[in-house]
Amino acid sequence: MSFLTENFLLETKTAQQLYHDHAAKMPIIDYHCHLPPNEIAGDKNFENLTQIWLNGDHYKWRAMRTNGIDEKFCTGDASDYEKFEKWAATVPYTMRNPLYHWTHMELKKPFGIDKILKPQTAREIYDACTEMLQTPEFSVRGILKKMNVKVVCTTDDPIDSLEHHQKLKEEGYDIKILPTFRADKVLAIENPSVFLPYLDKLSEVSGIAIHNYLTLVDALQKRHDYFHSMGCRLSDHGLETVYADDFSPEEISKIFTKAQNKQALTPEEVSKFRSAILYDMAIMDHAKGWTQQFHLGALRNNNTRMMRELGPDTGFDSIGDFDIAQSLSLFMDKLDNTNQLTKTILYNLNPSQNELYATMIGNFNDGSIAGKIQYGSAWWFLDQKDGMIRQMNALSNMGLLSRFVGMLTDSRSFLSYPRHEYFRRILCNLIGNDVENGELPASEMAWLGEMVENICYNNAKNYFEF
């Protein structure tokens with residue numbers, strides 16, 4: 001019998017009641033992910049289990065490398081089944097890593113497979129899942145339907161055409177597939193080989209010739225308007241830290257001109273430019289009532305050799321220890337001072353800063369919207385049982401867990417939706433333990449059940465106005 005019983009992670013009767021009667025039935029709003037919209041528009045059927053499950057999954061690649069598996073079986077030219085064999089051989093060694101739970105939860109849903117993945121079961125599981133993946137029920141849309149997904153917010157560059165979102169919109173697809181405005185590349189002013197070609201593309205798609213900083217903002221505004229017309233209601237930024245330097249328009253103009261002329265910029269100039277462009281994009285978000293998201297604290301591309309060979313997002317990033325508090329406070333305060341601070345979600349990657357983030361949101365909640373400033377769900381390396389518990393405990397101690405907008409996948413895989421179930425079980429167990437320990441009143445089970453439903457779905461639905 002599988003260890004994934006119906007009461008997996010639910011240690012008490014109260015936790016079981018909260019999960020089975022309340023959390024399990026709630027639909028999913030995946031308000032931040034990296035799913036490819038073209039695969040949803042084309043209703044793709046993946047050829048085999050490796051292609052839907054291992055390709056692009058740097059979590060699994062890191063574990064395989066740690067287990068002594070050669071790179072050819074991660075990102076290299078080994079056959080799909082050879083790669084799967086090496087993953088199956090690694091899985092037993094992942095015990096106590098969240099990958100062990102995720103792996104078996106993703107086999108159980110949507111495939112209905114209860115067997116433990118190991119070398120002895122690899123062929124059977126691979127063949128069974130691959131066969132199911134050829135059917136309409138297991139196309140990407142079939143999987144989204146099976147997992148009760150109602151909204152997916154993809155992550156899109158301002159230069160993206162959004163043609164696949166347009167197709168889905170015209171088709172009237174019953175799951176909302178909405179873009180998210182992520183303009184990270186426009187901050188890369190220190191790297192002219194990236195920044196200048198990007199400006200050329202932005203000029204082309206916006207129809208605005210970018211020849212100074214003001215026309216850059218105009219071009220971004222044009223794309224921001226277009227994204228809004230396509231249903232976009234969120235922006236996102238992946239940064240080491242927030243930039244909030246003082247600057248003047250004249251300074252930013254000069255910095256931009258230096259960059260256009262391929263002159264080297266000082267760190268101070270780079271920081272001032274990023275401060276200006278982040279501020280201007282935040283003003284755009286506020287004007288449209290969008291939610292801005294900040295994913296902060298990742299130390300990326302640590303392995304120079306592997307960066308050269310494989311590129312970014314291949315499993316060589318880690319938690320950073322950047323200064324956060326002062327710049328984050330200054331950034332939000334500058335916007336709040338003119339009443340132009342929009343709804344904001346802050347995600348941190350360093351668990352030592354949990355309480356920092358949980359207290360920072362309280363500085364700028366102003367009563368205009370319930371939970372206006374959110375301490376986002378445990379992210380990336382913290383997206384596991386201990387990380388989720390610590391994030392929710394910090395939020396509970398410093399703010400209102402009951403107003404939390406809950407879980408997201410932050411994934412490139414259509415098989416990652418059991419992470420919502422994982423989160424929901426952990427949430428219900430946390431609350432259930434409090435009830436049975438006498439720390440919360442058992443007489444208020446109706447409200448606690450409603451609170452769970454809100455965190456799982458309703459809060460996000462109301463917050464984003466989907």
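## Contacts, strands and helices

Trainee: Which residues does arginine 274 touch, not counting residues up to four places away in sequence?
Mentor: Contact here means heavy atoms within 4.5 Å. With residues up to four places away in sequence set aside, arginine 274 touches Leu187, Glu190 and Tyr243.

Trainee: Is arginine 274 buried or exposed?
Mentor: This is a predicted model, in which local features need pLDDT of at least 70 and side-chain atom pairs count only at pLDDT 80 or more, while totals for chains, interfaces and linings use all residues. Residues are numbered from 1 along each chain as its sequence is written, and side-chain values use heavy atoms, with hydrogens and water left out. Buried means under 20% relative accessible area, exposed over 50%, and partly exposed in between, with a 1.4 Å probe and protein chains only. The relative accessibility of arginine 274 is 15%, so this residue counts as buried.

Trainee: Which side chain does a polar contact of 2.9 Å join to that of arginine 274?
Mentor: A polar contact is a pair of N or O atoms within 3.5 Å; within protein, one must be able to donate a hydrogen and the other to accept it, and residues adjacent in sequence count only if both atoms are side-chain atoms. Arginine 274 lies in helix H13 (residues 267-288); helices (H or I, at least four residues) and strands (E, at least two) are DSSP runs, numbered from the N terminus. The partner at 2.9 Å is the side chain of glutamate 190.

Trainee: Which residues touch the most other members of the largest nonpolar core?
Mentor: A nonpolar core is a set of buried Ala, Val, Leu, Ile, Met, Phe, Trp, Tyr and Cys residues joined through side-chain atoms within 4.5 Å. The largest one has 158 residues, and those touching the most other members are Leu49, Trp53, Phe84, Leu216, Phe273 and Ile277.

Trainee: Through which helix does the chain cross from E9 to E10?
Mentor: In E10, isoleucine 373 is the bridge partner of threonine 344. The β-α-β crossover from E9 to E10 is right-handed; that is, with the strands pointing away from the viewer, the path from the first strand over the helix to the second runs clockwise. The crossing helix comprises residues 354-364 and is H16.

Trainee: How many of the 19 residues of H18 are buried?
Mentor: Helix H18 (residues 418-436) reaches 27 Å from its first C-alpha to its last. H18 is mostly covered, and its buried residues number 16.

Definitions and conventions
Two strands pair if DSSP finds at least two bridges between them. The expected span of a helix is 1.5 Å times one less than its number of residues.
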